[in-house]
Amino acid sequence: EFVRLSAGPEEINEDDGNEGFVEFEVTLRAKEDEDNPVAGQETLISERSRFLRNPKDGSWSYASGDVRSNVAGLEDTTLNA
């Protein structure tokens, strides 16, 4: 189940003002179930999202992101690589 979502401050690329990044974190909790050994445990999933600005109209579009999790054994792994 969903617990919370947070978004960090935006970061603009100093070399290219049309590229920016935002950190997102979502916390999820495993459903309570007597047959589930991880019931009630929370998992943090984070993404450092990359956005590109259209220089013509100033709009931003999602370009890519690195998704990570605090699940044991996956701490230093980019999940969407």
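Reader: Which residue in β3 is the bridge partner of S6?
Author: This is a predicted model: local features need pLDDT of at least 70, side-chain atom pairs count only at pLDDT 80 or more, and totals for chains, interfaces and linings use all residues. Strands are DSSP runs (E, at least two residues), numbered from the N terminus. β1 and β3 pair in the antiparallel sense over five bridges, and two strands pair if DSSP finds at least two bridges between them. In β3, S6 has as its bridge partner E25.

Reader: How many residues of β1 are buried?
Author: Residues are numbered from 1 along each chain as its sequence is written, and side-chain values use heavy atoms, without hydrogens or water. Buried means under 20% relative accessible area, exposed over 50%, and partly exposed in between (1.4 Å probe, protein chains only). β1 has six residues and lies largely in the open, because the number buried is zero.

Reader: L5 sits in β1. What is its relative accessibility?
Author: L5 counts as exposed. Its value is 57%.

Reader: Which residues make the nonpolar surface patch of about 310 Å²?
Author: Patch residues have over 30% relative accessible area and no salt bridge; like charges are joined within 9 Å, nonpolar side chains (Val, Leu, Ile, Met, Phe, Trp, Tyr) within 5 Å. The areas come from the Shrake-Rupley method with a 1.4 Å probe, and for residues only the protein chains shown count as cover. The patch of about 310 Å² is made by F2, L5 and L28.

Reader: What residue in β5 stands opposite R48?
Author: β4 also pairs with strand β5 (residues 60-69), in the antiparallel sense, over nine bridges. In β5, the residue opposite R48 is D66.

Reader: Which residue takes a positive phi in the hairpin of β4 and β5?
Author: This hairpin has six residues between the strands. The phi in question is near 80°. The residue is G58.

Reader: How many salt bridges does the structure hold?
Author: A salt bridge is a side-chain nitrogen of Lys or Arg within 4 Å of a carboxyl oxygen of Asp or Glu. By that rule, the number is six.

Reader: How many residues apart are E42 and R4, which form a salt bridge?
Author: The closest N and O atoms of E42 and R4 are 4.0 Å apart. E42 is in strand β4 (residues 42-53) and R4 is in strand β1 (residues 2-7). So this pair links distant parts of the chain, and the separation is 38 residues.

Reader: What is the N to O distance in the salt bridge of R29 and E42?
Author: R29 counts as partly exposed, at 26% relative accessibility. E42 is partly exposed too, with a relative accessible area of 37%. Their side chains meet in a salt bridge, N to O, at 2.7 Å.

Reader: Which residues are linked with E42 in a network of salt bridges?
Author: R29 lies in strand β3 (residues 19-29) and E42 in β4, so their pair ties together parts that are 13 residues apart in sequence. R4, in β1, is partly exposed at 45%. The network joins E42 with E1, R4 and R29.

Reader: How many residues apart are R48 and E11?
Author: Their side chains meet in a salt bridge of 2.9 Å, N to O. R48 is in β4 and E11 in strand β2 (residues 11-12), and the pair links distant parts of the chain. The separation is 37 residues.

Reader: Is E11 buried, partly exposed or exposed?
Author: E11 touches E19, G20, F21 and R48, not counting residues up to four places away in sequence; contact means heavy atoms within 4.5 Å. Its relative accessible area is 41%, so E11 is partly exposed.

Definitions and conventions:
Helices (H or I, at least four residues) and strands (E, at least two) are DSSP runs, numbered from the N terminus.
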